[in-house]
Amino acid sequence: LAFFHTISRKIQFRTVQLLKNRKISTILPALRLAMNLYSARGFNVVSIHTDSEMQPMRDAVLPAQLNVCSTKEHVPEIERSIRTVKERNRGNLHDLPFTIYPKILIVELILRCVSWLNAFPSENGISKELSPREIITGKQTDFKTECRVEFGTYCQVHQHNDRTNDDNARSIDAIALGPTGNRQGTYNFLTLDTWEKISRNNWTELPMPRRIIDM
């Protein structure tokens, strides 16, 4: 899996996006999306430090200046951040009872790790009171909406059936992935019948049975 990861030196705000491939035509929109997050809050990105793989984007990111490292050189801040995300990801995976992980589970876990890193003030950041996420997005961490259920929890997710006078199941097996980010506290789940991601607001947490682990 290829991800595009950024971190700002002073604010310590992180972004991560899943990439279909490592082509410049795929990476450039991801970079522009990250830059738009800063410009929306009045910050101007004036310098971008990256490795030699991004060299062809030099003219496309103007007026921001692209500082490209030489071969086998790296930007220390992003290398340290990548290592931190991988460590968080590895720790979370070892806390789960599974031995094989679907792609969607890995992707959502990495997004979740970065989200929590942004949710608390950074020791190396510009503020000891405001988190990087609050500085860049204005969104505060809300326990009631973001901590309703732990990642990887087995749940029976309530279905919203159009017909209620039949014998169809009212809930389905699913694994909790994380909040969608809306104010209502909606969560994403991985369904175990279709292996797709769905969003729901109502569910029941249950102990994880052996059949779910095997599945």
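This is a predicted model: local features need pLDDT of at least 70, side-chain atom pairs count only at pLDDT 80 or more; totals for chains, interfaces and linings use all residues.
**Exercise 1.** Determine how Phe-13 and Tyr-38 are arranged as an aromatic pair, and which parts of the chain they tie together.

*Solution.* Step 1: a search of the whole structure finds 5 aromatic pairs. Step 2: for one of them, Phe-13 and Tyr-38, the ring centres are 6.0 Å apart and the planes stand at 90 degrees. Planes over 60 degrees apart count as edge-to-face, and therefore this pair is edge-to-face. Step 3: Phe-13 belongs to the loop between strand 1 (2-7) and strand 2 (14-19), whereas Tyr-38 belongs to helix 1 (residues 24-39). The pair therefore ties together parts that are 25 residues apart in sequence. Step 4: Phe-13, at 5% relative accessibility, counts as buried, and Tyr-38 is buried with a relative accessible area of 9%.

**Exercise 2.** Classify the aromatic pair of Tyr-187 and Trp-203, and state which aromatic cluster contains these residues.

*Solution.* Step 1: the distance of Tyr-187 and Trp-203 is 5.3 Å centre to centre, with 55 degrees between the planes. This angle makes the pair tilted. Step 2: Tyr-187 is in strand 7 (residues 187-191) and Trp-203 in strand 9 (residues 203-205). The pair thus links distant parts of the chain, 16 residues apart. Step 3: Trp-203 has a relative accessible area of 14% and is buried. Step 4: one aromatic cluster is formed by Tyr-187, Phe-189 and Trp-203.

Note on methods:
Residues are numbered from 1 along each chain as its sequence is written. Side-chain values use heavy atoms; hydrogens and water are left out. Rings of Phe, Tyr and Trp (its six-membered ring) pair if their centres lie within 6.5 Å; planes under 30 degrees apart count as stacked, over 60 as edge-to-face and the rest as tilted. Helices (H or I, at least four residues) and strands (E, at least two) are DSSP runs, numbered from the N terminus. Buried means under 20% relative accessible area, exposed over 50%, partly exposed in between (1.4 Å probe, protein chains only).
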